[in-house]
Amino acid sequence: MALKTPQGQHSTQHRTGSPGCGYEDTGTGTQGDGDMGAWGHRDRMATREHRDGNKKPRAEMGAQPRPTLPRALTLLLVLALHSLETGAHRVVESHFWEGYFEQLLDHFNFERFGNKTFQQRFLVSEKFWKRGKGPIFFYTGNEGNVWSFANNSGFILELAAQQEALVIFAEHRYYGKSLPFGEQSTRRGYTELLTVEQALADFARLLLALRRDLGAQDSPAIAFGGSYGGMLSAYMRIKYPHLVAGALAASAPVVAVAGLGDSYQFFRDVSADFEGQSPKCAQGVRDAFQQIQNLCFQGACDVVSREFGTCQPLSSRKDLTQLFGFARNAFTVLAMMDYPYPTHFIAHLPANPVKVGCDRLLSESQSIKGLRALAGLVYNSSGTVPCYDIYLQYQACADPTGCGSGPNAKAWDYQACTEINLTFSSNNVTDLFPELPFTDALRQQYCLDTWGVWPRRDWLQTSFGGDDLRAASNILFSNGDLDPWAGGGIRSNLSATVLAITIQGGAHHLDLRASHPEDPASVREARRFEARLISEWVEAARREQWLRRGQRRGLRG
């Protein structure tokens, strides 16, 4: 669900396609992991990955200890001014400080782990907050480094400036630096505590602690999230309505991941973006894949290797399938990131990358070379990669939209093997791509072999409702019509308080990104609507607080 920089170029670990948009670009000069540099001086408190719940935190060697905050809230202050979006366009800036919260390992079992804890990372900006008046904007982190989401969710800061809000970005357990078992966390045998429910409970405890320690007990909270994080923001409102007054769930595929819908929808919608750009481009894609298949079936895979530029020669059906997955993934990335201005969210992509990709493909006289040029937007944006290592740069996993490599990718693979359903297939009939099935049976076998687990296809629907959210309230689902994840989300109003908007010309959670001169009018209007609705939720929550206080005073009288 989350995206990260394609390997071999800017980063050593990445995810390349999932809806979480836990996107990480650690090699572009933006903050990636809390290191010094652009962030300036910091003082670091205890960050032992795993400690007994009865022990006090202790400062790391070489650090200057600060006073311990109440309830084991340990802070790593990063007192540096930072732009919340990368690229040439400068946006709202905010002082963030980075902290670590002593989080329970297991919220639901009192025996196996007892009260043992780990360090959960979070970010806080108080720059715009008006104490006693402003709300809390709480971002439910997805499958990656929490700084990635802070760096690519500038709208939340813009809205915080308007509504005088406290801003919190919470990192998801097992991702970034929030590792329950340290470096072993994503090894087989250590992943049992990686669930949606555990993550939501983390967010709930963290929000309560920050409210208490920052003196914000009476501040209404609104959950925000994009992609997998958008799912979590909606689930947070469903599961903990007493803690969050509403949720903005951007590009949240809550229907698809619950095992509902059409398994061919995703790649059909990826294809639609390229077909909509140019029928000639779409035909060129079909021709390229067909020519690759024909040549290999004729025993001429060496020609394909040479023209597409693979580092190793293609010599088997397995190699051909890997090449097809590698190439298909490039289309997924371009469709998701089809923003009207350059971005560095996954790779260094130009404005309107679908159009640029089509132009590249059609500029070559040979279709396979054209496909190679298109894929280069994702896998070789620097222009310095001499060949494609198709097994290193794309690794097949339980998410056919791409997992990437490294610990974050392993954690996501495990989630896609347990609760998150991503059984998407291409069929070369309703889409442009070769027939690459990923059925329930294939998923089950892969997950059993890789993690020793059986997926529970119906669990998210049982636990959170899937597409039946009539009993929920105060959730806004936003989707862009260019985003292939939109078809797996909520596209129409479900009730008077569970609403949906579609952003014409919008890619993957475009509305959460900072305002940009090239934004389409549709996303500017969507943000205005979101701002009005969130303001209404906050005011309604305050009225409820006043009413409850009056009732308590009446009872005491």
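This is a predicted model: local features need pLDDT of at least 70, side-chain atom pairs count only at pLDDT 80 or more; totals for chains, interfaces and linings use all residues.
Q: How many aromatic pairs turn up in the whole structure, and what makes Phe 96 and Phe 169 edge-to-face?
A: The search finds 28 aromatic pairs. For Phe 96 and Phe 169, the ring centres are 5.9 Å apart and the planes sit at 80 degrees, so the pair is edge-to-face. Here's the rule: rings of Phe, Tyr and Trp (its six-membered ring) pair if their centres lie within 6.5 Å, and planes under 30 degrees apart are stacked, over 60 edge-to-face and the rest tilted.

Q: What parts does the pair of Phe 96 and Phe 169 tie together?
A: Phe 96 belongs to strand β3 (residues 93–104) and Phe 169 to strand β6 (residues 166–170), so the pair ties together parts that are 73 residues apart in sequence. Helices (H or I, at least four residues) and strands (E, at least two) are DSSP runs, numbered from the N terminus.

Q: Why is Phe 96 called buried, and why is Phe 169?
A: Phe 96 has a relative accessible area of 1%, so it counts as buried. Phe 169 comes in at 0%, so it is buried too.

Q: Back to Phe 138 and Phe 203: why is that pair called edge-to-face?
A: Their ring centres are 5.9 Å apart and their planes are at 70 degrees, so the pair is edge-to-face. Phe 138 is in strand β5 (residues 136–140) and Phe 203 is in helix α3 (residues 196–213), so this pair ties together parts that are 65 residues apart in sequence.

Q: Which residues do ring pairs link into a cluster?
A: The cluster holds Phe 266, Phe 267, Phe 274, Phe 289, Phe 324, Phe 331, Phe 424, Phe 433 and Trp 485.

Q: How do helices α5 and α8 cross?
A: The axes of α5 (residues 265–277) and α8 (residues 317–336) come within 9 Å and cross at roughly 70 degrees. That makes α5 roughly perpendicular to α8. The cut-offs: under 35 degrees is roughly parallel, over 145 roughly antiparallel, 65 to 115 roughly perpendicular and the rest oblique.

Q: Which residues make the contact of α5 and α8, and how do they divide by class?
A: On α5 they are Phe 266, Phe 267, Val 270, Asp 273 and Phe 274, and on α8 they are Arg 328, Phe 331, Thr 332, Leu 334 and Ala 335. Contact here means heavy atoms within 4.5 Å. These residues divide into seven nonpolar, one polar and two charged.

Q: What about α5 and α9: at what angle do they cross?
A: The axes of α5 and helix α9 (residues 353–363) come within 10 Å and cross at roughly 70 degrees. That makes α5 roughly perpendicular to α9. The contact is made by Asp 273, Phe 274 and Gln 277 of α5 with Val 354, Lys 355 and Cys 358 of α9. By class, it has three nonpolar, one polar and two charged residues.

Q: Why are α7 and α10 called oblique to each other?
A: Helix α7 (residues 301–308) and helix α10 (residues 367–379) pack at an angle of about 45 degrees, with their axes 8 Å apart. They are therefore oblique to each other. Their contact involves Val 304, Arg 306, Glu 307 and Phe 308 of α7, and Ile 368, Lys 369, Leu 371, Arg 372 and Ala 375 of α10.

Q: What makes Asn 152 count as buried?
A: Asn 152 has a relative accessible area of 7%, so it is buried. You'll find Asn 152 in the loop between α1 (146–151) and α2 (154–163). Its C-alpha atom is 9.6 Å from that of Thr 343, although the two are 191 residues apart along the chain.

Q: Why is α2 called mostly covered?
A: Eight of the ten residues of α2 are buried. Among them are Phe 155, Ile 156 and Leu 157.

Q: Why is Glu 525 called partly exposed?
A: Glu 525 has 36% relative accessibility, so it counts as partly exposed. Glu 525 is in helix α15 (residues 521–556).

Terms used: Residues are numbered from 1 along each chain as its sequence is written. Side-chain values use heavy atoms; hydrogens and water are left out. Axes are lines fitted to C-alpha atoms, for helices over the stretch in contact, and angles run from 0 to 180 degrees between N-to-C directions. Ala, Val, Leu, Ile, Met, Phe, Trp, Tyr, Cys and Pro count as nonpolar, Asp, Glu, Lys and Arg as charged, and the others, Gly among them, as polar. Buried means under 20% relative accessible area, exposed over 50%, partly exposed in between (1.4 Å probe, protein chains only).
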